[in-house]
Amino acid sequence: MAFIFPGQGSQYVGMGQAWHSAYPIARELFEMANDALGFDLKKICFEGSTQILRKTEIAQPAILTVSLIAYRIILQEVEIVQPVLAGHSLGEISALCAAEAISFADAVKLVHARGKYMQEAVPEGRGLMYAVVGLSSEQVKEICREISLNIGTVVPSNYNASKQTVISGVKGAVEEAAISMKHAGAQVIPLKVSAPFHSPLMEPALAPFREFLGGLTLHPLQHPVVSNVTGNFYKSEQDIIPLLTDQLMNPVLWTACMNRMATLPVQAFIDTGPRETLGPLLKEHFPEAKVYATDSIHSTMQDCLDNLRGDSERSHLRSTGNLMDKCLSIAVCTKNHNSNADEYQRNVIGPYKMIQRMKEEITVSGKEPTLEQTEKVLHLLRTILKGKKLPADELKLRLEQAINETGMPGYFKDC
């Protein structure tokens with residue numbers, strides 16, 4: 001499963017409140033966030049004004065907290081073997097926290113500080129960001145280049161989809177670029193942010209942000225995380241300080257991040273954020289992708305969990321078919337150490353034929369094997385390997401091979 005974490009602009013008053021009522025982990029994380037920040041973030045999320053929640057230093061810890069709550073709920077409720085993680089802008093820090101490279105308390109404090117540094121770099125009202133829909137990234141780049149030469153700084157700041165690019169810069173230049181882009185046939189949408197992120201105007205935020213990052217304890221990543229700056233996976237926690245610092249001034253290469261995740265055998269993408277924002281971009285880029293949202297007008301957390309459980313069960317059943325083939329292959333290829341012909345016939349040939357018959361019956365029926373049938377096949381393989389007088393350590397290795405190579409780790413611990 002791939003988890004995608006949103007950036008600023010996805011916040012709304014009331015976000016996370018339903019989860020706070022339903023899940024203890026939500027209450028725990030809101031309390032941890034309050035303690036880390038020294039103010040009542042939960043109250044702002046539930047009862048604050050849109051204006052307060054829009055402030056960068058408030059919006060960023062609020063979105064990170066709600067996104068991590070969604071992620072933790074899913075991990076508690078659904079068995080997910082290996083999450084793949086990516087986040088958009090601020091969401092990259094959420095992803096690194098989900099990967100356990102940054103503790104939750106440190107991540108909340110980090111994004112609060114990040115928000116302050118970014119806002120202080122350009123006073124509120126002097127910068128703007130607009131989403132541009134309908135033009136290619138090259139068209140957007142060219143218009144930004146012309147406006148920057150004549151009026152002031154405006155640059156592409158987020159490459160979100162093939163026909164959606166965000167621009168960022170000083171207010172007058174962004175407004176002028178927006179007019180030119182409308183004339184070129186684009187739809188231009190102002191974003192709910194209070195500073196021109198991912199532009200050269202963020203340079204004053206670099207030094208204090210880097211210093212703050214340097215004071216944190218960073219840990220090895222437990223799950224793969226894609227970087228906005230490179231569009232590729234982090235190699236280690238040593239990449240965190242340089243890549244997150246560069247991200248402040250560099251454009252978010254979200255299309256590259258999506259392309260990188262799509263090279264993996266991802267079963268579904270999960271948009272963890274308040275209000276689904278990244279899911280639609282991903283569907284635009286990969287129409288066939290399976291995308292679930294934890295919080296949208298079309299989907300609730302319960303809907304997401306139900307879908308994930310269904311996917312997990314279907315994946316499990318598909319894997320059991322492969323498991324039968326693998327067991328037959330292991331039974332044939334494993335060397336025999338038993339010279340007793342009667343024992344060999346009873347404990348090797350007999351169980352092997354039983355597996356063959358089960359596979360033939362399932363193939364003819366066109367149905368997926370049941371959990372009981374799969375467990376029986378594994379026990380038959382164990383009987384075969386014992387019948388061949390395999391040493392205990394090799395027998396265990398062969399059984400683990402059958403389970404792991406068919407994507408079934410953790411399901412059959414008693415076999």
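Which backbone nitrogen lies 3.2 Å from a polar atom of the side chain of Asp295? The backbone nitrogen of Arg275 does.

This is a predicted model, where local features need pLDDT of at least 70, side-chain atom pairs count only at pLDDT 80 or more, and totals for chains, interfaces and linings use all residues. Residues are numbered from 1 along each chain as its sequence is written, and side-chain values use heavy atoms, without hydrogens or water.

**Around Asp295**

Asp295 sits in the loop between strand E9 (291–293) and helix H14 (301–333). Helices (H or I, at least four residues) and strands (E, at least two) are DSSP runs, numbered from the N terminus. Asp295 is buried, meaning under 20% relative accessible area (1.4 Å probe, protein chains only). Asp295 has no salt bridge; that would take a side-chain nitrogen of Lys or Arg within 4 Å of a carboxyl oxygen of Asp or Glu.

| Item | Value |
|---|---|
| Arg275 backbone nitrogen to a polar atom of the Asp295 side chain | 3.2 Å |
| Arg275 to the ring centre of Tyr12 | 3.7 Å |

Arg275 lies over the face of Tyr12 (CZ of Arg within 6 Å of the ring centre and within 35 degrees of the ring normal). Tyr12 and Arg275 are also among the residues that Asp295 touches (heavy atoms within 4.5 Å).

**Aromatic pairs**

The whole structure holds three aromatic pairs (ring centres within 6.5 Å). Phe30 and Phe46 pair edge-to-face, 5.2 Å centre to centre with 75° between the planes; edge-to-face means over 60 degrees. Phe30 is in helix H2 (residues 24–37) and Phe46 in helix H3 (residues 41–47), 16 residues apart. Both are buried. Phe3, Phe5 and Tyr71 form one aromatic cluster.

Key:
Buried < 20%, exposed > 50% of the residue type's maximum accessible area, 1.4 Å probe, protein only. Lys, Arg positive; Asp, Glu negative; His and termini not counted. Polar contact = N/O pair within 3.5 Å; in protein donor to acceptor, adjacent residues only side chain to side chain. Phe/Tyr/Trp six-rings, centres within 6.5 Å; stacked < 30°, edge-to-face > 60°. Lists of a residue's contacts leave out its neighbours within four places in sequence.
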